[in-house]
Amino acid sequence: MTMIAHTQSKPVLQFGASVLILGGALLVLASAPFWAGRAELRLLMEALSYLALAQMWNLLAGYTGLVSVGQQAFVGLGGYLFFALAIFGGIGVVPALILSAFGTAIIAIPTGWLAFRLNGAYFAIGTWVIAEVYRLGVAQVSALGGGSGISLPVDIARSLAEGRAEREMVMYYIAFAIGTASVLLVWGILKSRWGLAMTAIRDSELAAETIGVNTRRLKFSVYVLTAGFTALAGGFLFLQKLRITPDAAFSVNDWTAFVLFIVVIGGLGTIEGPIIGTILFFALRQVAADWGTWYLMLMGAIAIGVMLMDKRGIWGWIAARTGWSLFPTRRLL
Amino acid sequence: MEPLLRLTGVNKSFGALTVSDNVTFDLPKGQALGIIGPNGAGKSTLFNLIGGALAPSSGMVMFKGQDVTAQPASARCRAGIARSFQIPHPFVGMTVFENLLVASSFGGAGHHDAREACHDILERTGLLPKANRPAGSLTLLERKRLELSRALATGPELLLLDEIAGGLTEAECHALVETIQAIHASGVSIIWIEHIVHALLAVVDRLIVIDFGKIVAEGAPRAVMADPMVQEIYMGISVDDQAA
């Protein structure tokens with residue numbers, strides 16, 4: 001079959017542009033420790049972590065329709081589990097990060113069992129309440145510093161590399177791996193038959209169930225998977241900060257509101273959306289961070305503006321006009 | 001022989017409103033059954049109860065000798081029940097082919113070659129030229145054909161068709177009847193809800209009339225249509241349709 005009503009050169013051009021953009025971005029990011037200053041590198045680490053958070057929230061809300069405003073539960077649990085494993089378990093930094101991701105995914109099973117009793121807006125509020133319960137619960141654990149939190153001992157950070165520059169390079173490549181892995185994971189899932197089913201759920205849950213997709217089980221699996229990966233990013237974010245407190249770890253503002261902004265602005269239900277949203281969010285933050293409250297008001301105004309112009313977000317708007325996809329998942333007959 | 005589908009005393013009420021009232025019938029394997037009745041008589045509800053979108057308040061649904069009353073719609077689809085919705089629910093962000101592909105990989109089909117199976121179905125329903133178009137770009141008529149194609153892609157033994165001929169021209173209706181006859185001839189059992197009675201009568205072996213959630217008449221199509229009570233209800237339909 002041919003691309004009807006399009007000239008044959010358009011898909012080829014788009015494919016070329018995609019390869020160029022993705023290849024260029026990968027090259028720039030992979031070589032960052034060699035050209036970026038210390039501050040830029042720290043910013044990129046944070047942006048790559050946010051990219052992972054945004055990809056996961058997008059997979060959850062954009063494809064399976066589970067609008068959770070309680071993802072800070074998994075950032076916080078990931079962070080605290082990582083600190084606990086690294087400090088008391090004596091496990092290396094990278095294995096501790098991975099173990100905390102799996103641990104959080106396991107905790108997400110009973111959490112989801114509870115949250116899945118609720119639908120729509122009730123689910124959203126329910127996830128938030130559950131996250132608050134985790135925050136209050138963690139604050140009771142005196143071994144983890146209770147309400148005032150705990151710092152990561154210097155020798156644990158030092159175990160990554162002796163010198164500061166080397167340590168930051170290792171840290172950067174962990175962030176780079178988490179960020180790119182989140183994109184590849186989502187892309188891989190969407191290209192599989194499960195991705196086909198998730199896209200079907202995105203478009204009509206009723207029809208997806210009717211043609212044989214066990215929507216409840218699939219949504220639950222996605223919830224658990226995204227919880228684990230969110231925890232991985234969370235663990236890393238607090239490794240970078242070297243200190244964790246219940247309020248910072250379970251912050252709805254930092255780990256859900258900003259992520260929601262990123263995904264909705266960029267384009268819900270697309271892989272490109274969270275990438276564009278992350279770039280925009282950090283660019284905005286760099287420009288406007290010292291404007292105080294005005295910066296948050298500007299962000300809100302941009303979100304409202306984009307929604308009024310096109311609720312599919314920036315990438316949704318571009319894709320609808322050009323049919324372009326940086327991460328093609330189309331299956332053609 | 002054991003019937004393909006058996007409904008025993010199926011009731012469904014929403015509060016004080018009874019939408020399915022003690023419905024009992026058998027569908028022998030290979031039969032094409034037509035269901036008629038006025039708007040709001042509970043025909044689509046009956047499909048929701050057979051397909052699993054709704055759970056009955058009481059009663060039992062058996063499919064191929066298995067009690068499926070407690071099974072969700074997805075499990076019933078994998079067992080061999082497919083349905084088309086009265087109001088089409090296409091996956092608008094996917095292509096027409098992908099709409100069928102997801103049905104064929106998650107339904108009960110077990111196609112040897114899913115691509116080829118989808119290709120054949122699209123050819124049969126006339127959607128092949130649109131295979132790689134986004135489903136969101138289809139016209140209402142094409143969306144209805146997509147409903148039918150997607151249901152077929154699940155590889156059903158029982159096909160539930162909900163007012164698929166509504167809004168079609170005479171020629172389109174004729175083509176649709178031929179398609180459904182061919183599907184029936186290939187061994188698929190059919191239950192078809194339809195207001196366009198002449199289309200229905202060209203296909204079905206048996207007719208059930210539903211009013212206020214109850215079966216009020218059933219039997220051979222011509223005999224049922226000749227029943228004065230049915231004619232009164234049916235005339236009611238025509239008047240309603242014209243008013244709408």
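Helix α13 of chain A is mostly covered, with eleven of its 15 residues buried. In this predicted model, the buried residues of α13(A) are Trp255(A), Thr256(A), Phe258(A), Val259(A), Leu260(A), Phe261(A), Ile262(A), Val263(A), Val264(A), Ile265(A) and Gly266(A). The cover over these buried residues includes α3, α4 (72–87), α14 (272–288), α15 (293–309) and α16 (313–322) of chain A. The length of α13(A) can be checked against expectation: at 1.5 Å a residue, the 15 residues of this helix (252–266) should span 21 Å, and its end C-alpha atoms are 20 Å apart, which agrees. After α13(A) comes Gly267(A), whose phi is positive, near 140 degrees.

Leaving aside residues up to four places away in sequence, Val259(A) touches Tyr50(A), Leu53(A), Ala54(A), Trp57(A) and Gln71(A). The largest nonpolar core holds 151 residues, and among these Ala197(A) and Val259(A) touch the most other members. Helix α3 of chain A, residues 38–64, gives the most to this core, with 14 residues. Domain 1 (5–80 + 157–243) and domain 2 (90–155) of chain B both give residues to this core, so it lies between them.

The secondary structure of chain A consists of 16 helices and two strands. The radius of gyration of chain A is 20 Å, close to the 20 Å that the globule rule gives for 333 residues, so chain A is as compact as a globular protein of that length. Along the principal axes, the C-alpha atoms of chain A fill a box of roughly 65 × 50 × 40 Å. Of the 333 residues of chain A, 40% count as buried. Where contacts in chain A join residues at least 6 apart in sequence, 75% of them join residues at least 24 apart.

Chain B has nine helices and ten strands. The radius of gyration of chain B is 17 Å, close to the 18 Å that the globule rule gives for 244 residues, so chain B is as compact as a globular protein of that length. The C-alpha atoms of chain B fill a box of roughly 50 × 40 × 35 Å, again taken along the principal axes. In chain B, 47% of the 244 residues count as buried. Among its contacts between residues at least 6 apart in sequence, 67% join residues at least 24 apart.

Chain B is divided into domain 1 (5–80 + 157–243) and domain 2 (90–155). The centres of domain 1 and domain 2 of chain B, taken over C-alpha atoms, are separated by 23 Å. Eleven residues from domain 1 of chain B and twelve residues from domain 2 of chain B take part in the contact. On the side of domain 1 of chain B that touches domain 2 of chain B, the elements giving two or more residues are α2 (73–79) and α6 (170–185) of chain B. The residues of that side divide into six nonpolar, three polar and two charged.

What does each chain bring to the contact between chain A and chain B? Chain A contributes 23 residues and chain B contributes 31 residues. On the side of chain A that touches chain B, α9 (193–203) and α10 (205–210) of chain A each supply at least two residues. The element that gives the most to this side is α9(A), with seven residues. The residues of the side of chain A that touches chain B divide into eleven nonpolar, six polar and six charged.

Leu196(A) is found in helix α9 of chain A. Is Leu196(A) buried or exposed? With 23 other C-beta atoms within 10 Å, Leu196(A) is buried, since a residue is buried if 20 or more other C-beta atoms lie within 10 Å of its own. From chain B, Leu196(A) touches Glu98(B), Leu101(B), Val102(B) and Ser105(B). Within chain A, the C-alpha atoms of Leu196(A) and Ala208(A) are separated by 10.0 Å, and these residues are twelve residues apart along the chain.

Definitions and conventions
Residues are numbered from 1 along each chain as its sequence is written. Chains are lettered from A and ligands numbered from 1 in the order in which they are written. This is a predicted model: local features need pLDDT of at least 70, side-chain atom pairs count only at pLDDT 80 or more; totals for chains, interfaces and linings use all residues. A nonpolar core is a set of buried Ala, Val, Leu, Ile, Met, Phe, Trp, Tyr and Cys residues joined through C-beta atoms within 7 Å. A residue is buried if 20 or more other C-beta atoms lie within 10 Å of its own, exposed if 12 or fewer, and partly exposed in between; C-beta atoms are placed from the backbone. Helices (H or I, at least four residues) and strands (E, at least two) are DSSP runs, numbered from the N terminus. Domain bounds come from an automatic or database domain assignment. Two residues are in contact if their C-beta atoms, placed from the backbone, lie within 7 Å. The radius of gyration is taken over C-alpha atoms; the globule rule is 2.2 Å times the number of residues to the power 0.38. Ala, Val, Leu, Ile, Met, Phe, Trp, Tyr, Cys and Pro count as nonpolar, Asp, Glu, Lys and Arg as charged, and the others, Gly among them, as polar. The expected span of a helix is 1.5 Å times one less than its number of residues.
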